[in-house]
Structures are given as C-alpha cells and as structure tokens.
Amino acid sequence: MNKVKFKVIDSPTEKGKAQPNYLSDRFTEDSFAHMTTDYMYAIYSAPDTGKTTLITNVLQPYLKRTGKKALYLTSRLAIIAQLKGKVDNSLITCWTYQRIEEYVESSRPFVDSYDFIICDEAHYFIEDAELTTKTDLSFNFINSSNAVVLLMTGTPEYIECLKDSWSRPLKVL
C-alpha cells in the first residue's frame with residue numbers, strides 16, 4: 001500500500017516560524033480564475049493560516065469583478081456568525097452542510113446556482129458521519145454539482161480517504 005504524504009500549511013502563530021504563511025499570500029484572484037470544474041480542489045491548512053481571509057479578501061473581490069457567485073458551506077454556525085459583515089451576501093451565500101442536507105432530504109428545489117462551492121471544515125463528511133447519517137446527502141449534492149469545488153481542511157487524511165469517491169480528480173493546491 002502506498003503511503004500518502006500530506007503538506008499541511010503550518011500555522012503562522014507557531015513558535016519558531018520566521019515568516020507567516022497565510023493563504024492569501026499564496027493565492028490571488030487569478031488562482032480562482034484558473035480553477036475549472038475538471039477537479040475538486042483541496043487546500044490543507046492548519047488553523048490560523050487564513051482560510052476565511054482567503055475567501056473574504058481574495059475570492060470575494062474576484063466574484064464581484066466577474067459577476068460570479070459562491071456557496072460557502074461549513075459545519076458550524078459559529079463560523080457563519082464570524083463571516084457576518086465580512087461577506088457580501090449577493091456574492092457569497094453562507095450555509096451549513098446540515099441546511100443542504102435538509103433541502104435534499106425534503107426534496108425542496110434548490111433554485112440558486114453557484115460558480116463556486118467552498119467546503120470549509122471539509123473533513124465533516126467523514127468526521128461527522130459517526131454523529132449523523134446525513135453527511136452523504138451534502139456530499140452527494142456537492143459531488144454532483146457543476147460548480148468549482150474547493151475543499152478546505154486542516155485534517156487532510158479525511159479528504160484523502162474520499163479521493164476515489166469524488167466524481168472528479170482531487171487536486172491539492
């Protein structure tokens with residue numbers, strides 16, 4: 001069995017780090033412009049490396065400039081509360097995975113279309129599967145979408161174990 005090595009971006013607050021390594025220093029609007037629906041994109045990044053800042057300060061201006069829209073998903077309402085006032089709701093819709101699962105389960109039509117789906121805390125699909133039997137609903141919703149999908153997590157082993165389940169190849173950024 002081949003061993004998979006992960007490159008997780010270290011937190012800039014760790015002792016001994018000379019320079020911060022924030023995601024917004026590595027990615028530009030152009031990075032998002034070159035993403036296609038041919039892949040599921042993964043960003044493996046430790047806490048405090050700017051995953052949220054990447055969305056609000058880099059992706060959001062790109063969306064505004066291009067007229068595109070994004071669906072931002074997370075497993076916790078606290079993260080959505082942190083985003084309040086930082087995102088333009090006409091560009092980025094912030095929902096929990098559980099809300100998507102409710103829509104899918106009730107067969108309510110999902111009328112909005114998105115150019116990007118951002119999956120924050122993307123390890124949710126595996127980690128929370130022990131707590132709820134519905135993670136497959138949000139997984140399948142995302143997996144069958146026609147949007148560019150960005151999976152963000154600090155625990156890459158959970159995403160890597162799903163790499164053969166995605167409908168598109170996984171590309172680690």
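**A walk through the chain**

Author: The chain has 173 residues, and buried residues make up 45% of them. Buried means under 20% relative accessible area, exposed means over 50%, and partly exposed lies in between (1.4 Å probe, protein chains only). This is a predicted model, in which local features need pLDDT of at least 70 and side-chain atom pairs count only at pLDDT 80 or more, while totals for chains, interfaces and linings use all residues. Residues are numbered from 1 along each chain as its sequence is written, and side-chain values use heavy atoms, with hydrogens and water left out.

Reader: How many helices and strands does the chain have?

Author: Helices (H or I, at least four residues) and strands (E, at least two) are DSSP runs, numbered from the N terminus. From that end, the order is α-α-β-α-β-α-β-α-β-α-α-β-α-β. The count is eight helices and six strands.

Reader: Is lysine 171 buried, exposed or partly exposed?

Author: Lysine 171 lies in strand E6 (residues 170–172). Leaving aside neighbours within four places in sequence, lysine 171 is in contact with Tyr39, Met40, Tyr41 and Ala42. Because its relative accessible area is 37%, lysine 171 is partly exposed.

Reader: What is the relative accessibility of leucine 54?

Author: Leucine 54 lies in helix H3. Leaving aside neighbours within four places in sequence, leucine 54 is in contact with Leu23, Ser24, Phe27, Phe32, Ile43 and Leu59. Leucine 54 counts as buried because its relative accessibility is 0%.

Reader: How far apart are the C-alpha atoms of isoleucine 80 and cysteine 94?

Author: Isoleucine 80 is in helix H4. Isoleucine 80 is buried, because its relative accessible area is 18%. Beyond four places in sequence, its contacts are Thr74, Cys94, Trp95 and Thr96. Isoleucine 80 and cysteine 94 are 14 residues apart along the chain, and their C-alpha atoms are separated by 6.4 Å.

Reader: Which residues of helix H7 are buried?

Author: Helix H7 covers residues 135–143. Its buried residues pack against E1, E2, helix H5 (97–106), E4, helix H6 (124–127) and E5. They are Thr135, Ser138, Phe139, Phe141, Ile142 and Asn143.

Reader: What is the phi of glutamate 121?

Author: Glutamate 121 sits in the loop between E4 and H6. Glutamate 121 is buried, with a relative accessible area of 17%. Its phi is positive in a residue other than glycine, with a value near 55 degrees.

Reader: Where does aspartate 48 lie?

Author: Aspartate 48 is not a glycine, yet its phi is positive, at about 65 degrees. Its place is the loop between E1 and H3.

Reader: Which residues lie nearest the centre of the largest pocket?

Author: On a 1 Å grid over the protein atoms alone, a pocket is an open set of points where a 1.4 Å probe fits, with protein on both sides within 12 Å along at least five of seven lines; lining residues have an atom within 4 Å of a point. The largest pocket has 21 lining residues, and H3 gives the most, with five. Nearest the centre are Asp48, Lys51, Thr52, Gln82 and Asp120.

How values were computed
Contact = heavy atoms within 4.5 Å.
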